[in-house]
Amino acid sequence: MKKVRKNTGKWIRRIILGVLVLLVLFVGVVYLLQHFYGEKWLKMYVENTILKESDSLYSIKMDDLSLNVMAGRITIRGFKLIPDTNVYYRLKKKGHVPPFLVSVAVSNFRVRGFDWLHALRDKDISINKIFIDNPEVELTRMALPDTMITDTTRVARSLSLPIPAGLNSVIVRLFQITGGKFTYNDRTKSPLMKIVCPELALVVTNFIQNKETHYTGRIFNSDDISASMAGFSINLPDSLYHFSLGSIGISTKSHAVTLDSVTLSPRYSRKEFFKRLGYQSDRFDLRIRRLGIESIDYPSILLNNILRAGYVKIDGWKVDVYRDKRIPLIPEIVPVLPQVALRKIKALFTIDSVRLNEGHGSYAEQVGPEPGNVFFDQITVLARNVSNDSVFATKNIMEINGNGRLMGKGRVQVRFLMPVFAKNEAFTFSGTISSLDMTDINPMMTKLVPAKIVKGKLERVVIPPVMANNDMAVGTLQFYYHDLSVLLSKENLNFWQGIKAGALNLAANTLIVGENPTKGGKFRTGIIRFERDKSKGIFNYLWKSTFSGLKSTMGVNTKEQRQTKKEERKALRQEKREQKKKGR
């Protein structure tokens with residue numbers, strides 16, 4: 001009995017050992033087969049498939065492909081997707097070519113956690129991770145024939161990617177690109193436009209395709225697509241400005257976009273800039289520390305090319321504007337008002353609110369040897385209902401409220417109501433300016449006119465809503481000030497001109513009302529009446545309209561302003577007479 005048990009145990013051990021030997025042999029055979037045949041077969045299959053499916057337009061090359069079936073790993077080194085331009089132009093003659101060519105070079109392509117068993121048995125692709133290291137992607141927009149008609153009726157307008165034929169499901173839990181470089185060429189432009197983004201990263205989480213389940217709200221079948229780009233820089237088509245972007249981040253899950261270090265800067269000095277431009281215009285220098293867009297409706301952008309967002313926030317911005325008025329104007333160039341500028345943007349957009357924080361804006365205008373300067377700081381702006389969509393904009397008026405400091409001292413508050421589709425670009429503006437020493441505006445005034453303010457205290461300015469449109473601004477202005485005195489400049493004048501300037505100074509300070517209200521308590525209301533100079537932009541229009549009211553308060557009125565004041569006095573007398581009659 002003991003002998004039987006002993007022999008039985010011996011045979012069991014032999015059988016186990018034999019099974020282990022066979023298993024080792026099987027694994028070894030599988031490894032050898034995958035190494036010598038599987039890797040070659042997979043490489044040939046991918047190369048032939050790309051060549052065939054692209055009608056020989058694309059081919060691929062791989063320096064090395066390694067395969068580990070047991071661990072579910074695939075590693076490709078030196079991967080390249082190469083377009084054949086000769087094939088492209090041959091296909092172009094037949095009239096069926098894509099609008100873009102793509103070239104890709106990848107140092108490492110790694111797949112981890114590939115379930116081969118389910119893929120072969122159930123036609124379910126399940127991958128834990130895909131890593132792509134240091135890809136260089138070049139996208140080229142090609143010039144298509146004018147006679148080519150693009151048929152888009154068969155393209156399904158959906159954010160859900162169709163599952164490949166022959167598969168039941170595809171799951172990739174993590175897809176990651178690091179150290180990428182992206183180049184965009186536009187051959188439809190002359191000269192060729194080239195945009196380079198030297199740093200690119202992309203992370204896609206939980207990419208799922210399934211025949212039976214529909215994943216609503218998931219863009220391109222993914223829980224989240226996060227991308228970041230850095231080092232973006234380009235010279236604009238007019239070659240006068242340079243645009244750069246420190247970084248941009250996008251997330252479909254958070255419905256947000258962030259941009260850091262945005263700059264639009266002139267490429268040339270003021271003198272060289274206008275020499276190249278050849279006519280009078282505004283020269284801009286813009287810098288933004290951070291710009292964020294929240295509550296973005298990505299489906300609306302991707303499916304309908306319409307931007308819908310809840311909130312845009314711009315922090316730490318600075319804009320400097322310069323105009324050289326010694327350079328001639330070109331009558332054909334007419335700056336448009338903001339409503340027209342919004343309507344001219346081809347892509348439709350609707351943004352609930354836009355907020356600008358920590359702003360600084362300056363304007364310089366030159367008519368003589370040196371420019372006059374005025375600046376505002378600590379600027380905050382809140383704009384609501386910003387849209388060029390006629391359906392939305394006709395029901396919701398764009399409203400802009402802003403405040404800041406004039407010349408770093410006087411507090412300024414403004415309000416605009418701008419219906420984007422109003423007749424003749426009608427809008428209203430109103431505002432207030434708090435106390436300010438009037439000599440603080442001399443840096444602007446003395447460079448533009450041969451005069452300066454010797455003394456004067458601005459207590460406050462109140463501008464009730466002014467009615468304005470593309471032709472005229474009409475309203476009133478309440479300017480409270482005292483101890484105003486002006487002096488005409490005598491620089492570079494000869495003896496007799498100096499005497500004349502002295503006489504003019506006496507006349508100016510006699511005619512100009514030195515305070516408002518006067519010592520007798522009489523208050524002068526300024527009349528705003530200004531016909532827009534359509535060769536100038538919105539800032540000039542607002543300033544000149546306001547300035548007409550300031551001059552009117554100080555006693556300097558145009559014929560139209562005098563007539564308006566006369567009519568107001570007449571109406572006031574008539575009102576008093578009627579009140580007297582009622583009191584009897």
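Strands here are DSSP runs of E, at least two residues in length, numbered from the N terminus. With that in hand, welcome to a quick tour of this predicted model. The protein chain carries 11 helices and 21 strands. Of its 584 residues, 36% count as buried. Among contacts between residues at least 6 apart in sequence, 63% join residues at least 24 apart.

- Thr 140 sits in strand β5, which covers residues 136–141.
- Thr 140 has a relative accessible area of 11%, and because the cut-off for buried is under 20%, Thr 140 is classed as buried.
- Its side chain makes a polar contact with the side chain of Asn 185, at 3.4 Å.
- Leaving aside residues up to four places away in sequence, Thr 140 touches Pro 99, Phe 100, Leu 101, Asn 185 and Arg 187.

**The cavity**

- The structure holds one cavity of 30 Å³ or more.
- The largest cavity has a volume of about 50 Å³.
- Its lining is made up of Asp 282, Arg 323, Tyr 363, Lys 536, Gly 537, Phe 539 and Asn 540.
- Sorted by class, that lining has two nonpolar, two polar and three charged residues.

**Helix α10**

- Helix α10 runs over residues 538–553 and has 16 residues.
- From its first C-alpha to its last, α10 reaches 23 Å, close to the 22 Å expected at 1.5 Å a residue.
- The buried residues of α10 include Ile 538, Tyr 541, Leu 542 and Leu 550.
- Ser 545, Thr 546, Ser 548 and Gly 549 are also among the buried residues of this helix.
- Asn 540 is buried in α10, and Asn 540 is also one of the residues lining the largest cavity.
- Just after α10, Gly 555 takes a positive phi of about 100°.

**The loop between α9 and β21**

- Arg 524 is found in the loop between α9 (495–511) and β21 (525–531).
- Arg 524 is partly exposed, because its relative accessible area of 31% falls between the 20% and 50% cut-offs.
- The C-alpha atoms of Arg 524 and Phe 479 are separated by 8.0 Å, although the two residues are 45 apart along the chain.
- Pro 517 also lies in the loop between α9 and β21.
- A cis peptide bond joins Asn 516 and Pro 517, with omega at about 5°.

- Met 407 is a residue other than glycine with a positive phi, near 55°.
- Its place is the loop between β15 (398–406) and β16 (410–418).
- Met 407 has a relative accessible area of 12%, so it counts as buried.
- Glu 425 is not a glycine either, and has a positive phi of about 55°.
- Glu 425 belongs to the loop between β16 and β17 (427–433).
- Glu 425 is buried too, with a relative accessible area of 12%.

Key: Residues numbered from 1 in each chain as written. Predicted model: local features only at pLDDT ≥ 70, side-chain atom pairs only at ≥ 80, totals over all residues. Heavy atoms only, no water. 1 Å grid on protein atoms, 1.4 Å probe; cavity = no way out; pocket = protein on both sides within 12 Å on 5 of 7 lines; lining within 4 Å. Points joined across faces, edges and corners; volume = space filled by probe spheres on them. Nonpolar A, V, L, I, M, F, W, Y, C, P; charged D, E, K, R; others polar. Helix = DSSP H or I, 4+ residues; strand = E, 2+ residues; numbered from the N terminus. Buried < 20%, exposed > 50% of the residue type's maximum accessible area, 1.4 Å probe, protein only. Polar contact = N/O pair within 3.5 Å; in protein donor to acceptor, adjacent residues only side chain to side chain. Contact = heavy atoms within 4.5 Å. Expected span 1.5 Å × (residues − 1).
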